[in-house]
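This report walks through one protein model. Keep the sequence and the coordinates open while reading.

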Amino acid sequence: MRRQSSSASRAAAPEQLGFAGMPERLFVCTPSKLGAYADCPRRYRYSYVDRPAPPKGPPWAHNSLGASVHTALRNWYALPPERRRPDAVPMLLKATWVREGYRDVEQEREVFRRALAWLESYVETLEPGADPLGVERVVAVKTAVLAFNGRADRIDSRPGPDGPELVIVDYKTGRTGLDADDARGSQALALYAYAAERVFHRPCRRVELHHLPTGTVAAHEHTPESLARQVDRAEATARDIMAAERAVADGADPDAAFPATPGTLCAWCDYRRHCPAGAGAPSKDPWTAVDRPAAPTE
Ligand code: SF4
């Protein structure tokens with residue numbers, strides 16, 4: 001049977017029925033869970049299947065930096081509008097600063113100053129009195145296969161030709177610049193948009209990556225069809241994961257069910273020390289991505 005491929009038909013889709021009329025189990029997922037499998041099924045297994053989970057490597061400074069900036073921006077919107085001024089940013093960043101992963105105090109201070117400059121420039125672009133519809137807002141939706149939930153950095157409501165429209169905003173702090181193709185290709189952003197449209201009953205087609213280091217915005221306007229295609233892809237990934245989990249439960253070799261796909265990401269993988277397939281990857285210091293030059297988007 002052909003899979004449904006429009007958001008309208010998806011909205012009306014009944015829960016899929018399996019054997020004996022029993023509803024099939026929905027795959028409960030977040031964007032990072034789907035992304036982990038897409039990046040490397042073995043990494044997915046280490047994170048979500050093996051229990052106890054294998055030990056992770058030490059914390060990464062770029063994750064600390066990303067978390068610090070994201071929390072500072074969340075707290076920015078918790079301030080009363082009259083206090084949303086650039087001079088509030090140092091206090092916000094200090095309060096949320098995560099110290100883990102840096103080489104030394106000197107590097108940490110330098111990165112703090114860098115992050116402060118990004119934030120001070122970024123908040124200048126925000127309207128102090130404008131409250132987003134959601135800040136770190138969890139949106140959730142069910143399809144015939146997925147029970148999706150995810151926390152969007154920001155959901156804006158902006159005027160459109162036929163009334164208010166929602167926009168998904170995702171903050172980025174990685175060193176690599178981002179363009180419209182990144183916004184178009186992001187499954188996470190598309191799933192947030194798909195879910196937000198259903199949660200708030202308003203159109204949500206525009207997705208934006210706000211790259212703080214360069215102060216640039218990479219945007220894409222989805223259509224119902226392009227969102228449905230991303231949902232189709234997410235469902236296909238979910239089916240693969242459920243099939244692999246079933247195979248392991250039925251006695252298959254976990255290494256075969258969740259194959260390793262070594263590549264450039266191994267150097268940044270939390271399980272590299274545990275994973276024989278990733279052992280040959282060049283080793284990165286926890287602070288490499290915040291040193292110059294550098295690394296992956298957070
Ligand atoms: S080290 Fe590489 S191959 Fe191993 S789990 Fe991580 S990403 Fe996969």
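Six residues of α3 are listed as buried: Pro41, Arg42, Arg43, Tyr44, Arg45 and Tyr46. The cover over these buried residues includes α2, α9 (224-249) and α10 (254-257). The model is a predicted one.

One of these covering partners can be described in detail. Helix α2 spans residues 31-39, and helix α3 spans residues 41-49. Their axes lie 5 Å apart and meet at an angle of about 140°. The two helices are therefore oblique to each other. On the α2 side, the contact is made by Lys33, Ala36, Tyr37 and Asp39. On the α3 side, Pro41, Arg43, Tyr44, Ser47 and Tyr48 take part. By class, the contact residues comprise five nonpolar, one polar and three charged.

## The ligand shell

Which residues come nearest to the ligand? They are Cys40, Cys266, Cys269, Cys275 and Gly278, out of 14 residues around the ligand. The shell divides into 10 nonpolar, one polar and three charged residues.

## Overall build

The protein has 10 helices and six strands. Its C-alpha atoms fill a box of roughly 65 × 55 × 30 Å along the principal axes. The radius of gyration is 21 Å. A compact globule of 298 residues would have a value near 19 Å, so the two agree.

How much of the protein counts as buried? The share is 35% of the 298 residues. Among contacts with a separation of 6 or more, 70% join residues 24 or more positions apart.

Valine 123 is found in helix α6, residues 105-124. Is valine 123 buried or partly exposed? A buried residue needs 20 or more other C-beta atoms within 10 Å. Valine 123 has 19, so it is partly exposed. Setting aside residues up to four places away in sequence, valine 123 touches Trp76, Pro86 and Val89. Glycine 278, one of the residues that come nearest to the ligand, is 155 residues from valine 123 in sequence. In space, their C-alpha atoms are 40 Å apart.

Proline 164 is found in strand β4, residues 163-172. It counts as partly exposed, with 13 C-beta neighbours inside 10 Å. Beyond four places in sequence, proline 164 is in contact with Ser157, Arg158, Pro159 and Arg202. Cysteine 204 is 40 residues away from proline 164 along the chain. The C-alpha atoms of proline 164 and cysteine 204 are 9.4 Å apart.

Threonine 214 is found in the loop between β5 (204-211) and β6 (216-221). With 15 C-beta neighbours inside 10 Å, threonine 214 is partly exposed. Serine 283 is 69 residues from threonine 214 along the chain, and their C-alpha atoms are separated by 28 Å.

## Backbone exceptions

Most residues other than glycine have a negative phi, and most peptide bonds are trans.

Proline 52 is found in the loop between α3 and α4 (61-78).

Glutamate 136 is found in strand β2, residues 134-142. It is partly exposed, with 15 C-beta neighbours inside 10 Å.

Where does histidine 201 lie? Its place is the loop between α8 (187-200) and β5. Is histidine 201 buried or exposed? Histidine 201 is exposed, because 8 other C-beta atoms lie within 10 Å and the limit for an exposed residue is 12 or fewer.

Technical notes
Residues numbered from 1 in each chain as written. Predicted model: local features only at pLDDT ≥ 70, side-chain atom pairs only at ≥ 80, totals over all residues. Axes fitted to C-alpha atoms, helices over the stretch in contact; angles between N-to-C directions. Helix = DSSP H or I, 4+ residues; strand = E, 2+ residues; numbered from the N terminus. Parallel < 35°, antiparallel > 145°, perpendicular 65-115°, else oblique. Contact = placed C-beta atoms within 7 Å. Nonpolar A, V, L, I, M, F, W, Y, C, P; charged D, E, K, R; others polar. Near = placed C-beta within 6 Å. Rg over C-alpha atoms; globule rule 2.2 N^0.38 Å.
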